[in-house]
Amino acid sequence: MTEQTSYPKISRMAVTSQYFGIFSVASVFLFFLLGIPMALLAALSLSCMSILFAHLSKGGGFRYSGQAMVGLGTSIFTITLCILLIILSLLGLYMAIQMFGLETVLDPDAFQKAMFDFFSRSLESLPTGGNTL
């Protein structure tokens with residue numbers, strides 16, 4: 001008689017959840033490296049699908065498989081990072097409107113000039129540490 005070893009059953013949904021979670025993190029890094037705004041939307045949609053597939057892979061059981069846990073972890077990390085980026089960008093837009101006005105922020109050339117003037121004034125006001133006679 002030969003002994004047969006039973007391998008754990010691999011859930012395709014758990015594997016899909018893992019891959020989607022990893023791809024969602026890669027999409028966020030593409031946003032940081034290349035500045036592609038659609039990468040955030042792709043990251044959010046991949047994360048949501050990864051969470052869905054992880055939950056569906058559980059079936060009627062009480063535990064997630066290791067691959068589903070990887071998918072859940074990376075997806076939660078990605079969603080948290082995307083929400084933080086969205087909040088920070090809206091906060092930056094609000095601060096720019098408060099500093100320069102809505103008309104200036106909506107005109108790219110005027111906004112660039114206002115930012116250049118603001119940074120020039122800020123740099124001139126910094127002490128250099130030298131003698132001031």
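In the predicted model, S27 lies in helix 1, the element that spans residues 12–34. With a relative accessibility of 10%, S27 counts as buried, because the cut-off for burial is set at under 20%. When residues up to four places away in sequence are left aside, the residues touched by S27 are A39, A42, A43 and L46. One of these, A43, belongs to helix 2 and is also listed among the residues with which helix 2 meets helix 3.

The secondary structure of the chain consists of five helices, with zero strands, and the order of elements along the sequence is accordingly written α-α-α-α-α. Of the 133 residues in the chain, 23% are buried. Where contacts between residues at least 6 apart in sequence are considered, 60% of them join residues that are at least 24 apart. The average pLDDT of the chain is 88, and 89% of the residues reach a score of at least 70. Among the elements, the highest mean pLDDT, 94, is found for helix 3 (residues 66–100), whereas the lowest, 92, is found for helix 5.

The crossing of helix 2 past helix 3 is left-handed. On the side of helix 2, the contact is made by L40, A43, L44, S47, S50, I51, A54 and S57, and these residues meet A68, G71, L72, S75, T78, I79, C82, L85 and I86 of helix 3.

The second pair, helix 3 and helix 5, has axes that come within 12 Å of each other and cross at roughly 80°, and these two helices are therefore roughly perpendicular. In this contact, helix 3 contributes A96, M99 and F100, while helix 5 contributes F111, A114, M115 and F118.

Technical notes. Residues numbered from 1 in each chain as written. Predicted model: local features only at pLDDT ≥ 70, side-chain atom pairs only at ≥ 80, totals over all residues. Heavy atoms only, no water. pLDDT = per-residue confidence, 0-100. Helix = DSSP H or I, 4+ residues; strand = E, 2+ residues; numbered from the N terminus. Left-handed = near helix turned anticlockwise from the far one by under 90°. Contact = heavy atoms within 4.5 Å. Buried < 20%, exposed > 50% of the residue type's maximum accessible area, 1.4 Å probe, protein only. Axes fitted to C-alpha atoms, helices over the stretch in contact; angles between N-to-C directions. Parallel < 35°, antiparallel > 145°, perpendicular 65-115°, else oblique.
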